[in-house]
Amino acid sequence: MADHIRVVVAVPDEGTANLIHRVVAHHRAARVVATVDTDVRLVDAVTYRRPQLVFVSTDLADMRGFDVADRLSRQHPGLYIAMVSPRNRPEELRRAMKAGARECLFEPLSEDAILRVLDEARDFGGAVAARRGAVVAVISSKGGVGKSTLAANLAVALRQLDSGRVALVDGDLYFGDIALLLNLKPERTIYELNAALDAEVADRFLLPHASGVEVLAAPVRTEQAEEIGPERFRSILGVLQDLYEFVVVDATVSSLETMLATLDVADVVLAVSTLDVVCLKDVAQLLEMLAKLRFPAHNILMVGNRYDERISVAQKDAERALGRPFTMVLPRDDRVVAAANRGVPLLLSEPGAPFSQRVVALARTLRAQIGRVDRVTA
């Protein structure tokens, strides 16, 4: 299985940033994992997104591009830093090299120059850290759209596809019900893991499920959730990334700070929506929020759920309203709810059901999206 080159773009000029995005999008072995506009956000992106390559403007954050490049090159010697300067002057090149950059490009950039940097970064073989697990955030604009049920079935599908160890994290710290959906009775939850956070023993706090998925349950009592702040939740996800190939997080707007912390480290977002007017309107606002957070649009997968052609908005009309296509549309099936009430994902009880088969197809698409397979399997 092949990994893509993970790229962070920190270039304030919109035209240059868009060109980098286009070239990377057409590169078979690269993808942009974050776009940032300040030096502080760049440091966070490198820390949590674990890129191999960063494009850094010399004019980033009031001319602090050189300073942040110097800091990153010292902290992460395996990181390939490409400086981007609007001034084609010898002193710019000297400052870039002194700051630890391996390349200095001058605007206007050419596609060939960007491709050359991508190839050099791939051959360079450096990275901020060894291969880490992918964080998948499953989100929706409101409750009641089947998000948690989808997250549980998706985690099972990833495990069945031999994706390595899969963790399913309940991101609703106050009212999470992932353990209930899988008929698990947690003796240890994220509350206990938070109190004894240690990478060597972290997986002991996850509940094993018969499917092979391991579940990090929400706290048993709501007051325990108060002790797990967003920074701590983000740190917990970081620890799990070292242990699991996939970390699927059932995130919710009711725990907004926790959801935002998840988005800080997420590789891919699955935005779940039913195809009705109210939900589509709310999801459009959710997509606007993701845009303001500068989450890469190509790493957002739209998933339609509970589609019933008799009563649902037509898929093409829904896509037109959102301004983007659905990656997958899952059919309405009362057996999904019945299975959830029994604590058994439909994917396990009825793998041949259309819902189950489409969840597996979604899992395959997801693996391809984040570079965990060489191609999508039909």
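Author: Gladly! Keep in mind that this is a predicted model.

Reader: Is M289 buried, partly exposed or exposed?

Author: Its relative accessible area is 23%, so M289 counts as partly exposed, given that buried means under 20%.

Reader: Which residues does M289 touch, apart from its neighbours within four places in sequence?

Author: M289 is in contact with M259, L260 and L263. For V213, the C-alpha atom lies 31 Å from that of M289, and the two residues are 76 apart along the chain.

Reader: Now strands, please. How do the side chains of β1 point, and are they buried or exposed?

Author: The general idea first: side chains in a regular strand alternate between the two faces of the sheet. In β1, I5, V7 and V9 point one way, R6, V8 and A10 point the other way, and all of them are buried. Since six of the six residues of β1 (residues 5-10) are buried, the strand is largely enclosed by the rest of the structure.

Reader: Which strands pair with β1, and in what sense?

Author: There is β2 (residues 30-35), joined to β1 in the parallel sense over five bridges, with T35 as the bridge partner of V9. There is also β3 (residues 53-57), again parallel to β1, over four bridges; here V7 stands opposite L53. Follow the chain from β1 through helix α1 (residues 14-25) to β2 and you trace a right-handed β-α-β unit.

Reader: How should I describe the packing of α2 and α4?

Author: Two packed helices are described by the angle between their axes and the distance between those axes. For α2 (residues 39-49) and α4 (residues 65-75), the angle is about 20° and the axes are 10 Å apart. The two helices are therefore roughly parallel to each other, because angles under 35 degrees count that way. Their crossing is right-handed. At the contact, D39, L42, V43 and V46 of α2 meet V68, R71 and L72 of α4.

Reader: What is the strand order in the open sheet of eight strands?

Author: Read across, the order is β8-β9-β7-β10-β6-β11-β12-β13, and the pairing is mixed. At the edges are β8 (207-208) and β13 (328-331), each pairing on one side only. Inside this order, β6 (residues 134-140) and β11 (residues 268-274) pair in the parallel sense over five bridges, and A137 has V269 as its bridge partner.

Reader: Which strands do helices α11 and α12 lie across?

Author: Helix α11 (residues 230-241) lies across β6, β7, β9 and β10, running at about 150° to β10. Helix α12 (residues 256-265) lies across β6, β10 and β11, at about 140° to β6.

Methods. Residues numbered from 1 in each chain as written. Predicted model: local features only at pLDDT ≥ 70, side-chain atom pairs only at ≥ 80, totals over all residues. Heavy atoms only, no water. Buried < 20%, exposed > 50% of the residue type's maximum accessible area, 1.4 Å probe, protein only. Pairing = 2+ DSSP bridges. Right-handed = clockwise from strand over helix to strand, strands pointing away. Axes fitted to C-alpha atoms, helices over the stretch in contact; angles between N-to-C directions. Parallel < 35°, antiparallel > 145°, perpendicular 65-115°, else oblique. Left-handed = near helix turned anticlockwise from the far one by under 90°. Contact = heavy atoms within 4.5 Å.
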